[in-house]
Every structure is written in C-alpha cells, then in structure tokens.
Amino acid sequence: PLDLANKNGRWIAAAVSSNPELFAWGSNNNMTLGHSDASSKSSPERIVELTSCSIRKVVLCKFHTAYLCADGRLFTCGVGRGGRLGHGDEQTHVIPSLVRKLPGGMKIVEVAAARNHTVMLSDGGIAFVCGINDYCQLGYSDSTAEILTPKEIKQLKGKRVVHVAAGRYHTVASTRTELYTWGRNEGQLGKRNPLSSVVNN
C-alpha cells in the first residue's frame, strides 16, 4: 500500500513493504512522517516506532498522519491543534502515538482523515470523530467545537456503520443500506440545501 499527500506543493509519501515495515519520506514540516528526528527525508526511511504494528492502512494529511494496525490499534502523529490526533490534548506528536482514549477493548477497523479531523470505525460498527468542527464535519451543530478525544457520533447511535470517509469540509458514513453525509455543502453532500449540515441521510 502507498499513500501520498501534497502540502502546498511539497509531497510526503508512505509505503508498506512485504515484511511488513513502514517507510516514509518527503516534507516533515508538520511532523507527519513519524520519524523521531523530525527532519524532512529525501529518500524512504523506516519508521522504527511502528515495528510492533502490522500496518493495515496509512492515511496522510497536511497536518497529521494516522496508522491503523491489523490488530485494531490506531496511532497518530503530527500537529495536534484542535484535537485532530485524538490524544486528549493539542500537543504536536513527532512520532506515532497510540490513541488510548477509545472505550476499553475496542478495536478500530477503518480510519479516515482530512485536514482538521479524523474519523474512526470500531469493530462494533460505531463511528467516532475528533478534531475541529469548523464546517460541522464532526456531525455537531456548534461550528466552534473542538473534540480532543474520539467521540461517538450521537446521530448514528444504534446504526451499524460499515464505512467512513473524510474530506476537508465534510464526512461520509454508510451502513449496508443507508448513506449519511454532513459538513459544508457545495454539492459534495448530495443535498440541495447549500448550508452546512449535521448528520442526516
């Protein structure tokens, strides 16, 4: 698997080898590469802090990176402003740190992320969000809200979510029979109302 992100014309990349080991390279201005020395890399270098993690998915964004392990653990690194990393604070994490603020024993099976927020899906079909809600992309009506630890999307409570996706201005979740979209609406929500919206189908 390979993921790429462009930050103001400066590329970052991550790739998983067959071992599996995770390599990252490119601009590290926002501490998104996961290397302990915090410097940018012109060639692939292994992320040693994730040697215990069999990588299932990597999501690169401008300000943070999320690493999903096959065993359901989730690590994040980068700029923590607004809570996008899910660690309960707004600190910058140079190396990948385990997201410990999820309910005990819960495993993550999918992760999506965009510029200012992260969406997590548990093995029980529960969707969680954290980060900045400036376009209501977290599913809450207060656009000034910042969620520092993963919080269940209350409007989806009782629904078994099977997929999540995230864009800079909006978020998408689906069950086996329903599709939900919310956030800033300039057509990307599939609704006629041009205003930002909270969760509804």
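**View 1. V58 stands opposite Y67 of strand β6.** Welcome to a predicted model, in which local features need pLDDT of at least 70 and side-chain atom pairs count only at pLDDT 80 or more, while totals for chains, interfaces and linings use all residues. Residues are numbered from 1 along each chain as its sequence is written, and side-chain values use heavy atoms, with hydrogens and water left out. Strands here are DSSP runs of E with at least two residues, and helices are runs of H or I with at least four, both numbered from the N terminus. Strand β6 covers residues 64-69 and pairs with β5 in the antiparallel sense over five bridges. Two strands count as paired if DSSP finds at least two bridges between them.

**View 2. An open sheet is built from four strands in the order β5-β6-β7-β8.** The pairing in this sheet is antiparallel. Which strands stand at the edges? They are β5 (55-60) and β8 (93-98); each has a single partner strand, so one side of each is left without a neighbour in the sheet. On average, neighbouring strands of this sheet are turned by 15° against each other, direction ignored. For such angles, axes are lines fitted to C-alpha atoms, and values run from 0 to 180 degrees between N-to-C directions.

**View 3. R56 has its place in strand β5.** Its relative accessible area is 48%, so R56 is partly exposed (buried means under 20%, exposed over 50%, partly exposed in between, with a 1.4 Å probe and protein chains only). Not counting residues up to four places away in sequence, R56 touches L68, C69, A70 and V109; contact means heavy atoms within 4.5 Å. The C-alpha atoms of R56 and E110 are 8.9 Å from each other, although these residues are 54 apart along the chain.

**View 4. T171 is found in strand β14 (residues 170-174).** Is T171 buried or exposed? T171 counts as buried because its relative accessibility is 0%. The side chains of T171 and H117 make a polar contact at 2.9 Å (a pair of N or O atoms within 3.5 Å; within protein, one must be able to donate a hydrogen and the other to accept it, and residues adjacent in sequence count only if both atoms are side-chain atoms). Leaving aside neighbours within four places in sequence, the contacts of T171 include V119, Q137, Y180 and W182.

**View 5. The chain holds 16 strands and zero helices.** Of its 201 residues, 50% count as buried. The average pLDDT is 88, where pLDDT is the predictor's confidence in each residue, from 0 to 100.
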